[in-house]
Each structure stands twice: as C-alpha cells, then as structure tokens.
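Open the model in your viewer and follow the stops below in order. Each stop gives a selection and then what is there.

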Amino acid sequence: MSVRVLHWLRAQLDTDTWRNTDAMYRAVVVGVGLVAAGVLAHSLEMVLIGAPLLISLVLAARSPTGEPVVHPPAMPRATESGQHTEAVFDIEASPGVELVALRAPYGRKRGIGHVHLLPGTVQEVRTELAHAGWGEGVDLRPDRLFTGPDALRVYGPIVGREGRRTVLPPVVPLPAGPLPPRPAGLVGVHRSPRPGDSTELRDIRVFQPGDRLRRIDWRVSLRAAASNGGVLAPNLLHVRERHAEADATLVIALDTQVDVGAELADWALAVPGSGVREGGSLDIAVRAASSLAASYLRQGDRVGLVDMGRPQLSVPPGSGSRQLLKIRHQLVICSRSAGWAPRPVLRPQQAPPGALVIVLSPFLDDAMVDLTATVVRRGTRVLAMDLLPDPLVAVAKDPWGEVVLKVLRTEHEMRLETLRQHGIPVLKWGDEASATLRGLARGRR
C-alpha cells in the first residue's frame, strides 16, 4: 500500500503529465464534507453549496488526457540590431483544454517575456522581436501550462528551450580613411609604387619592347620627332606609365581588458547580463570596430581583428562580405569573454608589414601605451582611437571624488601625449573621427 502511495505522489509531482491541483483536493474535501454534513443535519443549504463542487469533480474527471504541444518558431541564429522579426508559436492543445498560459517574448524587450493567459482554442500566438542593442541573449523560451475545466487538472508547467540569438553590432557608414598601399594584390583602390594599369600617371618614358601600343603618348612622341628633323623613329616613341592599384590591410586592435563608463562609481560594479556596459568603452569599441571594418571592406581592402586581451580570439585579415560577418560575430565573442588579462598582446605576425593598425582603447593602462609604441617601432603605421567616455563623473558621496577624477584625467592625458610623441595620431571616436580620417588621407596624398 505504501509503494502505491509513493508512486501516486511521484506522479503528482511530475509536471510533464496531467495532474490534480490543490483545488481538486479542496473540492473533494469541502464538497463531500458539506454534502455529508447537510444530510446528517438535514440542512438543504449545505447540500446546495457542496453539490456544485462535486459536479465540478465529475467534469474534471473528463479532462483531456492527450499531450498538448507548443512548437517554437524557426528563427535565425543571428540578426541585425534594430531588425524586427515576427515569431509565431503553433499550439496543439488537446480537446477539453480550457486555458493556456504561455510565456513568450513581449514587445521589444530582450528576455523571457511575460505570461500570456489564452483560451484553449487558440492555435497560434504571434509576437514581434526587436533588439536595440547588440550581443548574445535569450529571446525565445516558451514556458507553458495547460489547464482543464476550472483548473482542477493541469499539464505542466513545462520549461521551454532557450532560443539564444546573436544580435550583431550595428554598422555606421564611415568614409574610408588613410591606408598605406600594400601590393599584396593588384585589385584594390590604393596607389601602389609599382607600375600598372591605374588612371594615375606615374611617369613618361621611352617605348620598350613589350609595352602596349595604346600606352603611347603621341604628343610627347611627335615633339621628340620634331626635334629630330620630323622623323618619327622607334627610339623616339614615349609611353605613359601609370601606377598599379593595390589592396591594403587594416588591423583593428581591440582592448578588452577594461570596460568603463562615464560614472566612476560604477567602475567597480559588475554588469548583469551580457557583461558590457551600455555606452561604455567596450560598447563604443565594438561599434567602432564594426563600422571601420565595414567601411574598409566596402572598398576592397583586407581587414583583420585582434583581441589584445585574448589573442586566440583574433581574426586574420581577409576581404569580402563574409569577412565582415565573421568579424561582427567575433566582436560579440570577444565582448563576452572580456575581462582582465595579465598584459596586452599584439604579435608581429598579427600586423603584416605595410598594414595600418587602429588601436581602440580607453588607454587607462601604461602597458597599453607601451605596446602601441612598440608596434610603431616595428615600422607599422598606427592610429590610436581614444574611447574613454567624456565627460567623466566623479563619485558624489566620496570626499576624494574630485581629486580622483583629476588624477585620472591627468594620467590619461599624459598617456595620450606619450603616443603623440611617438608620432601616433590620437583620435576621439565620434563626429570628429570621420573628419580626422579624411584629413589624414589628404595628408597621405
């Protein structure tokens, strides 16, 4: 007898099957008790109160016995920031189901969403998904609960599978800035020192065997013939020599060791969720890296990504739209794995000769400045992008808050001045970044 009771209790605790609720047991006790008491006390009122409870028990005994199912929608694993997507949940409820409680995403907020109480006849639920930020999170988790008549028997609750989605960092259109010509391939838009078939004139020289006839400069050749008595000899033919068009390499070096915001009081606090502060230095760095990569890849250049905190997460230089998608996915992975590292690393093989390295960092560590200066001493061209939020806000309740803020600003400015003394241009990400990149490009030409 005790074994049967134990199996019965286990069956009641199993949520993946139809089971009785506490309301069922209360209806049994109260209904039978009222009817029995009314019969013994000859009280019609007690019988009339207890009879509906017993009728409800009879109806509950006819509750559905099938297995209701909720089919989650097939959604892409990655989506764009701000992109709206409609998710449709198909519900297959058993006959006799009275209510369906479904937890689904609601509105434009990321998370498991609110609980929707729906009639048992509903066959599908539609909801709109949209993420304003970027990163990796849970936006689909269809927890559900089905109830029979009067909620005396229920099926569930069942915790649904989490639908994890990667929201890619947004891309802001930027003008292509300065890139040194690196003749790794003659398919780019940058001028190469070697001769080729570009539109930019390199030199005018004497015709040599192997030159194409369409390259002959007839004006120069006729002037040379006129000085020779009007006889156009083969040795007087001149050709126009043009520069070749070469692709260039951009390496985006990301500082993932620190993530700070404008409030100094929040620097020591952990960030819930994805671990990236909204509007912080790492958030700005990821958005800047995504925009820079898209801008340079659009014109056919090669772009790579280096995580200076964890070099194993780096992406070698490449070109094309697939490279941009790979970099944006890797930026999410780098931000998820961000944290303190013993020292920043940028190996020589990660920055090919002739490449341009853009360092994205708040420059709160002397080691980052030393590494950037070391890269310059290797002969690599470097741009430093300062991502420290401005203005910084001191701790209000700390009597030393303003002093600490002043010391931080002074040390930060000294680090930036050290970079400038090494010949490294220092940019501030924002509206001035585009103008500065244009100015540097004009200076190169």
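This is a predicted model: local features need pLDDT of at least 70, side-chain atom pairs count only at pLDDT 80 or more; totals for chains, interfaces and linings use all residues.

Residues are numbered from 1 along each chain as its sequence is written, and side-chain values use heavy atoms, leaving out hydrogens and water.

Colour by secondary structure: the chain has 9 helices and 19 strands (DSSP runs, H or I of at least four residues and E of at least two, numbered from the N terminus).

Next, select phenylalanine 363, in the loop between strand S17 (356-361) and H7. Its phi is near 55°, a positive value in a residue other than glycine. Phenylalanine 363 counts as buried because its relative accessibility is 0% (buried is under 20% relative accessible area, 1.4 Å probe, protein chains only).

Move on to helix H7 (residues 366-377) and helix H8 (residues 401-421), whose axes come within 10 Å and cross at roughly 5°. The two are therefore roughly parallel (angles under 35 degrees). Show the side chains of Asp366, Val369 and Thr372 in H7, which meet Arg415, Thr418 and Leu419 in H8 (contact is heavy atoms within 4.5 Å).

Finish at proline 391, in the loop between strand S18 (381-386) and H8. The peptide bond to proline 391 from aspartate 390 is cis, with omega near 5°.

Notes:
Axes are lines fitted to C-alpha atoms, for helices over the stretch in contact, and angles run from 0 to 180 degrees between N-to-C directions. Angles under 35 degrees count as roughly parallel, over 145 as roughly antiparallel, 65 to 115 as roughly perpendicular and the rest as oblique. Buried means under 20% relative accessible area, exposed over 50%, partly exposed in between (1.4 Å probe, protein chains only).
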